[in-house]
Amino acid sequence: MKHFKRILLGCLGLFLLAVVAIVATVGIMLSLGPPEQHPEESTSNQALDTPRLPPAADPAPGEVSIPPVSLVVKLDLSEGQFRVKPGQPGEGIRIDAKYDSGVYALEQEHQPGANGEEVVTIRFYSKYSILRRLLTLGPDAVEEAENRIDIYLPPDIPMKLQGSVSMGESDLDLSGLPMTGLDMSLTAGEHRVSFDDPNPLGMEELRLYLSKGEFRALGLGNAHFRTADIQGSMGEATVDLTGDYYADASAVTRFRMGEMRVSVPDDIHVNIHDTGVFLGGLNKRVRDSGDIPED
């Protein structure tokens with residue numbers, strides 16, 4: 001009985017300590033007051049030293065090239081509306097931004113990579129915790145923050161794009177960009193990745209991780225990947241694998257606790273392998289693609 005009382009008193013003590021810590025934290029944040037707000041608009045252009053590609057030419061089937069990576073673009077973006085799209089030939093990386101510089105930070109870092117490539121890292125994040133902003137600015141100010149970051153990538157430099165976008169909306173329009181790789185995590189929001197025009201090069205691997213939101217990946221065949229790994233959970237995803245294929249490719253898709261819709265081309269040979277569904281259903285519709293040449 002004494003042992004039980006000691007355990008009970010210990011648990012009660014821990015609970016009281018937690019309550020005191022929470023009250024103290026809230027009091028400190030309220031005493032600090034709300035962050036100063038400074039809405040602003042800015043444009044920056046990061047110059048690049050990497051040699052430019054000649055005007056793109058359409059490759060013959062099976063002749064997609066994967067050159068060494070010349071430029072690595074790393075994104076670390078959260079809480080905003082983010083757009084990535086092709087810029088103009090000869091440009092660097094241009095960023096058009098409209099955000100509250102008192103509450104949020106936009107950073108850009110340019111440095112050489114381990115293998116001689118240029119590495120550009122772009123970050124956008126809140127300077128203050130979500131708890132302080134909720135307590136001092138109110139939930140409406142947090143939910144209705146209008147941050148818009150537009151990133152323009154050069155269309156004449158081989159590049160790899162990697163990183164993460166979370167807690168917001170993103171539109172990654174990679175149409176026609178010379179991509180050698182794509183590795184992105186898109187979480188907690190509404191996200192879109194598209195290749196409306198073919199990649200003039202080819203990428204060894206395309207990787208997407210999707211979680212907690214609504215996702216659309218469109219025209220992935222135009223990315224000219226050799227392998228694609230698309231995984232996700234908790235949400236709704238559309239994966240469109242149609243596009244112009246110049247070589248054999250394989251794609252693996254996995255999704256948990258949600259719905260995934262996969263579209264495959266109807267004008268090339270496609271082999272579909274089902275690994276099964278747990279606690280759900282599978283609806284597969286395949287129509288006769290007609291007389292498609294063996295090559």
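Predicted model: local features only at pLDDT ≥ 70, side-chain atom pairs only at ≥ 80, totals over all residues.
1. Leaving aside residues up to four places away in sequence, Phe195 touches Leu174, Ser175, Met179, Leu182, Met203, Leu206, Leu218, Gly219, Leu220, Asn222 and Ala223.

2. The largest nonpolar core has 47 residues, and Phe195 is among the members that touch the most others, together with Ile151, Leu174, Leu182 and Leu206. The element giving the most to this core is strand β10 (residues 203–218), which supplies six residues. In soluble globular proteins, nonpolar side chains tend to be buried together.

3. Which strands pair with β7? Strand β3 (residues 81–86) pairs with β7 in the parallel sense, over six bridges. Strand β4 (residues 93–100) runs antiparallel to β7 and is joined to β7 by five bridges.

4. Threonine 50 lies in the loop between β1 (39–46) and β2 (71–78). Is this residue, threonine 50, buried or exposed? Its relative accessible area is 9%, and threonine 50 is therefore buried, since the cut-off for buried is under 20%.

5. The surroundings of threonine 50 can also be described. Its side chain makes a polar contact of 2.4 Å with the side chain of glutamate 118. Not counting residues up to four places away in sequence, threonine 50 touches Ser70, Glu118 and Ile157.

Note on methods
Residues numbered from 1 in each chain as written. Heavy atoms only, no water. Core = buried A, V, L, I, M, F, W, Y, C linked by side-chain atoms within 4.5 Å. Buried < 20%, exposed > 50% of the residue type's maximum accessible area, 1.4 Å probe, protein only. Helix = DSSP H or I, 4+ residues; strand = E, 2+ residues; numbered from the N terminus. Contact = heavy atoms within 4.5 Å. Pairing = 2+ DSSP bridges. Polar contact = N/O pair within 3.5 Å; in protein donor to acceptor, adjacent residues only side chain to side chain.
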